[in-house]
Amino acid sequence: MSGDTTGAVELEVSAPVRICDLGGWTDTWFGGPGRVLNVAVTPGVTVSVRELAGPPRLVIDVESPSPLVHAAVEVSPPPSDRGLEIRVRAAVPPGCGAGTSAAVAVALLTALAESRGEPWSARSIARDAHRLEVEHLGLESGVQDQLSAALGGVNFIEIDAYPAGVVHRLPDWDDLGARLSLVSVGRAHDSSSVHRDVIGRVAAQPSTAFDRLRAAAMAARDAVLARDLRAFGAAMIDNTEAQRALHADLVGVDAQRVVDLAADCGALGWKVNGAGGDGGSLTLLSANADAKRTLDAAVARLDARYRVFPIAISPTGLTIRRL
């Protein structure tokens, strides 16, 4: 893909966020080989770029200060011969365990490339977004979030030589998307610090939990291909228990409250999103539309901090709209 700056720069780039990352942790440098299944959903992240009249300058409008945004502008600067306003908005907040930071990096790097009129591809943007977090900001990050944001859909990803990932796009499954709920417990978590804690524990005592995480991802892949909601839910539960085996604190107190409620409501599955730990979010799977409405309402009543986000599976990843 390529940009076009023959006229004024006015564009909007959107990228989905990632939920239900079965096999997460195995896509890291220390947990491989990686086998991950994840689901890209909207609404996600939107980055708009608008040309400003007057002298060349850059105006950055973000809802909260972000080192990632400024690092992206530093490594991939906008054209210096015009004024630009860059506006970053996220429907799912950072620290929610849904790969929001990766989606911001993917959308922003794409918008900056477009502003310069440079060619880009979804795979190259995903790679550059991962490098931005790991190499420029010194954060711990697996590779799945950036690929999900760039490509969209339901994907099974194999990572045999980190950080390179082979993506297998799975068939669309409307019934799955209609029954998934994204629940935030109202507190952000620091996924990079959680990674460092797990790395220290694994270095001291290697864990078999990575094998269980890989198995959950492969079981979920098979469930998608078989259109088996119950098998998919079982893989979600198995994955959450493998996270707990990797580090007991990966399933936090709030997450456990939501898990217990989901079990009481007859949910088919639950998955602590992302790295897990204190705060963050979960993905829940209900048996049907009525059960989903009942569960979503029960979550809202459980704690005023908890929030259910309306989501839909994103059939595509990066999208660009000319304004």
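1. The axes are lines fitted to C-alpha atoms, for helices over the stretch in contact, with angles from 0 to 180 degrees between N-to-C directions. Helices (H or I, at least four residues) and strands (E, at least two) are DSSP runs, numbered from the N terminus.

2. Please keep in mind that this is a predicted model: local features need pLDDT of at least 70, side-chain atom pairs count only at pLDDT 80 or more, and totals for chains, interfaces and linings use all residues. Residues are numbered from 1 along each chain as its sequence is written, and side-chain values use heavy atoms, with hydrogens and water left out.

3. Back to the pair: α7 and α8 cross in a left-handed way (the near helix is turned anticlockwise from the far one by less than a right angle; clockwise would be right-handed).

4. Asn 239 deserves a look of its own within helix α8. At 0% relative accessibility, Asn 239 counts as buried (under 20% relative accessible area; exposed is over 50% and partly exposed in between, with a 1.4 Å probe and protein chains only). Leaving out residues up to four places away in sequence, Asn 239 touches Asp 21, Leu 22, Gly 23, Leu 213, Ala 216 and Lys 271.

5. Next, find helix α4 (residues 144-151): seven of its eight residues are buried, so α4 is largely enclosed by the rest of the structure. Those buried residues include Asp 145, Gln 146 and Leu 147. They pack against several elements, including β1 (10-22), β2 (34-52), α2 (100-116) and α3 (122-136). Just after α4, Gly 152 takes a positive phi of about 70°.

6. The axes of α2 and α4 come within 8 Å and cross at roughly 50°, and the two helices are therefore oblique to each other. The crossing is right-handed. Ala 102, Ala 103 and Val 106 of α2 meet Asp 145, Gln 146, Ala 149 and Ala 150 of α4.

7. The largest nonpolar core has 70 residues, and Ile 19, Leu 22, Leu 37 and Phe 232 have the most contacts inside it. Such a core is a set of buried Ala, Val, Leu, Ile, Met, Phe, Trp, Tyr and Cys residues joined through side-chain atoms within 4.5 Å. Helix α2 gives the most to this core, with ten residues. Apart from this core lies another, of 17 residues, among them Val 183 and Leu 282.

8. Finally, Arg 293 sits in helix α10 (residues 289-302). Its relative accessibility is 53%, so Arg 293 counts as exposed. Arg 293 and Ala 40 are 253 residues apart along the chain, and their C-alpha atoms are separated by 21 Å.

Key: Contact = heavy atoms within 4.5 Å. Parallel < 35°, antiparallel > 145°, perpendicular 65-115°, else oblique.
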